[in-house]
Structure formats: C-alpha cells, structure tokens
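Welcome! Take a moment to look over the model below, and then let us walk through it together.

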Amino acid sequence: MKIAITSTGKTLDSQVDPRFGRAACFIIIATDTMELSVIDNENVAAAGGAGVSSAKAVIDTGAQAVLTGNCGPNAELTLSAAGIKLYTGVKGTVAEAIELFKSGKLAEVAGPNVQSHFGTGK
Amino acid sequence: MFNHTLAQVNEMKIAVASGKGGTGKTTIATNLACIVAKTGRKVQYLDCDVEEPNGHIFLKPNIEKKQAVTVDVPEVDLKKCTGCGKCSDICQYSAIVHLKENNVLTFEQLCHSCGGCLRVCPTDAIKPKPLNIGDIEFGKAGGIDFVQGKLHIGNVRTPSLIKEVKKYIEGDCLAILDVPPGTSCPVVEAAKGVDYVFLVTEPTPFGLNDLKLAVGLVREMNLPFAVIINRYGIGNEDVEEYCKAENIEIMLKLPDDRRIAEAYSSGRIILDVLSEYNEEFSELYEKIKSVKAGIGDKTRL
C-alpha cells in the first residue's frame, strides 16, 4: 500500500510537517517494499486553494492514505472524495509515522481537524 | 462657462482611504457628504467598505431598495462529464478539481469567476450557477444619496462586490467613496478610476507607517491625492515632516477633540453636534473644488 506523509524534508528522519496543504514536501512510500519517492509541494506559497491542490497532487501519486499533522476542510473533502484515508495528529519523524501506521496504532479520522487557512500563519 | 467649476465638481469621484484602520475615513467621508448636502448640491455617499460598512450608523439613511449581488461559479452535470480533466487543469485557484473518471469537485469560495472551466469543457457539462455574495442597499440620508455594499458573512469576493457598488456612481454629482482600510485588493478596486484620493491618517508612528504604504499604493495607481490628519495634536510631528519632504499636501488637520470622540461613539455626525467644525469641512470642500479645476488642466501625477 502506498501512503503519503507530509514532511519538512526529503528523508525518513525528517519531521512530519504539521501542515497538509502547505507542507514542504510529500514523502510517498510503499509500505511493503519501503520504496520511497519525494514530491516537492508547489503549493507552499499558493495564494489560495493550497489544500485542494495538494490533495490533488497526492491523489495523482496513487497514495491510498495520508499521514499529516493538520488537515483543513477543503483538502479533507478532496481526499475523501477520492477515497483516501486520512490520519491527522501525526508527529515525530517520517520513519516513526510509518512504523505507527504499519503497526495499526494510527486512527483514521472522518473530517478536517482544523479550519481553512490554519497553516498560512495568519 | 459660468458654471464651469460647479459642473466639474459635480462630476467628481473622491475616495477616502487610509493605510491604517480606525483613522477616521468614515468620519471624514460622512461629514464631507453632509457639508456638501447643506449647500443643496447633489452628493452621493458610497460605502465601499463592504466587509464592515459603518457609514450608515452616522448618516442613518432610509433604505428604500436592496438588491442581491451574485457571481457565477461552476456547476457540473456529472452525466455529461467525460472525465477529461481540462477544467481542473485550467483553474488556477483549485476551485474545480477532477479526481478520476467523472468525479469532479467544485469549491465555490475558491472560484474567481473567470469562466475558463466553462469554455474548455468539450461536452458542455459545466454551467454557470449564481452565488449570492452580498447586497447593495440604496437610500436617502437627508440630501445625501446613500449606497452601501454588504458582503455576506463567509464570502471572500470583496472586490467583486465593490465593483458592483461602484456601478451606481452617478456621473452628475460629487461621489464620496468610503474605502476599506489597508492596501490590498479591495482598496485597489475601490480607488480605481477615482479623480482624487484622501488618505486619512493619525500623527503617530503607526499612522505614519501605514500612510507610507498607502502613499506607495496611490502613486503606483497614478492617482492624485492629499493627506488628512485626524486627531491632530497627539503623537508627534513625523507625519507632517514626511508630507513636507514628499511634497504631499495636507488638506485638513482635524484636532484631537474629546467632543468629536463622544459624537462618534454615539453615532452622530460631528457637524450636527459641534457647529464650529462646519468651517473646517466647508474649507475642505472648497479645496476639493480647486483641486478639480486643476486636475482638468493637467495630466495625472
């Protein structure tokens, strides 16, 4: 299964980025083979619609689950429309997040956990 | 020729703006409208601060008409959608997103109504749907023609509503536009195309900081402008020194008078309570007339 983790850097020891739409990058990992790819998030400084655009970018990678800190309503709606499972409140390194996911210790959420513009610093 | 100046000032659009909020835009705009109305000339007050219009508190208009303002957002007929994704590709704001097959999501509040998605759809599956963003209200406040925009809570299309409000500027009178604070898109939309801008500030470091931003904006827009200092007497002399150095005219210095604050806080027009200020605002109106006569002769600054 392919999962996407919002990350502050490009390696497994990077911290999970607490923001979904404006995360620095997305680490896409196949949980069975641990094959890893990184996509830079073009929406870090988007004027608007960062959540939706980032969700679309993640959907296009074929990921089936998203691990992140916080996710707003537009991104959540887009991910759920594509049938992607969402896990929020994830902290620590990307590697730790993957382990938690694999061991079944993360609980899927049904809905956004923050309001729009949460990660814009405004 | 006899009515030359009169005719010109009767066809003038003035924007009352500021960088900083709470400097007295509405105080200046409403009192100026009142003094013009007292001369018997036709004057319009248009509240373009559509996110928080408050001129009505002072002018107490009798609202006679109200009309809804809508913008077009896309509505997708999924039966006609072939899932080509062209709508999603063209949208710069992620307001329409194609996921897979014919699964298309729309986000009305992200849409800027460019109409791109409608045009690129090969199967005509997308139709414009009106989204109600706010209202425009019309009324009379004594001799003043009153117009105000009111953006609905939760909507973000501020410039779109301001643009609609400005369509009701009547060409044959002095139109006073109460502009939102700041220096962003709503301010640009409100100030666009006016003949003159008043930048209202207070003589404090905060006032000066934001005044500089506002001056940068009006210069960029190539609009003639002057400064009005409100609560004159507080703070320091830096605003005056800045204006002098930049060769900016200060058109009015309204003193820091507790009685003005009291009138304001009870929702009253200064001129109704403190008749001595009639002179200050009459002088301001006279200056506007001379400015207008000057603008006609010169190209814009």
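Predicted model: local features only at pLDDT ≥ 70, side-chain atom pairs only at ≥ 80, totals over all residues.

The largest cavity holds about 100 Å³ of space. Its lining is made of 14 residues, and those nearest the centre are B:C81, B:C84, B:C87, B:C121 and B:I126. Sorted by class, this lining has nine nonpolar residues, four polar ones and one charged one.

## The largest pocket

The largest pocket has a volume of about 1,300 Å³. It is lined by 49 residues, and the ones closest to its centre are A:A47, A:G48, A:G49, A:H117 and B:L110.

Which elements give two or more residues to this lining? In chain A they are α1 (50-60) and α2, and in chain B they are α6 (158-166) and α7 (185-191). The lining of the largest pocket divides into 22 nonpolar, 19 polar and eight charged residues.

## Where the two chains meet

Next comes the interface. Here 11 residues of chain B are in contact with 10 residues of chain A. Between them the two chains bury about 900 Å², with 67% of that on carbon and sulfur atoms. On the side of chain B, the residues that lose the most area to chain A are B:S94, B:L99 and B:F107, which together account for 46% of what that side buries.

How many salt bridges does the rule find across this interface? The count is zero. Polar contacts are present, though: four residue pairs between chain B and chain A are in polar contact, with both residues at pLDDT 80 or more.

Two strands of chain B, β4 (96-100) and β5 (103-106), each supply at least two residues of the side that touches chain A. The largest share, four residues, comes from β4(B). By class, the touching side of chain B has six nonpolar residues, four polar ones and one charged one.

## Salt bridges and a tie in chain A

Over all chains, the structure holds 20 salt bridges. One of them joins A:K10 to A:D40, with their closest N and O atoms 3.3 Å apart. A:K10 sits in the loop between β1 (2-7) and β2 (25-30) of chain A, while A:D40 belongs to strand β3 (residues 36-40) of that chain, so this pair ties together parts that are 30 residues apart in sequence.

## A loop residue and its neighbours

Our last stop is A:N70, found in the loop between β4 (65-67) and α2 (73-81) of chain A. Its side chain makes a polar contact with the side chain of A:N113, at 3.0 Å.

What is A:N70 in contact with, leaving aside its neighbours within four places in sequence? The partners are A:P18, A:R19, A:F20, A:N113, A:V114 and A:F118.

Key. Residues numbered from 1 in each chain as written. Chains lettered and ligands numbered in written order. Heavy atoms only, no water. Contact = heavy atoms within 4.5 Å. Buried area = accessible area lost by both parts, 1.4 Å probe. Salt bridge = Lys/Arg side-chain N within 4 Å of Asp/Glu carboxyl O. Polar contact = N/O pair within 3.5 Å; in protein donor to acceptor, adjacent residues only side chain to side chain. Nonpolar A, V, L, I, M, F, W, Y, C, P; charged D, E, K, R; others polar. 1 Å grid on protein atoms, 1.4 Å probe; cavity = no way out; pocket = protein on both sides within 12 Å on 5 of 7 lines; lining within 4 Å. Points joined across faces, edges and corners; volume = space filled by probe spheres on them.
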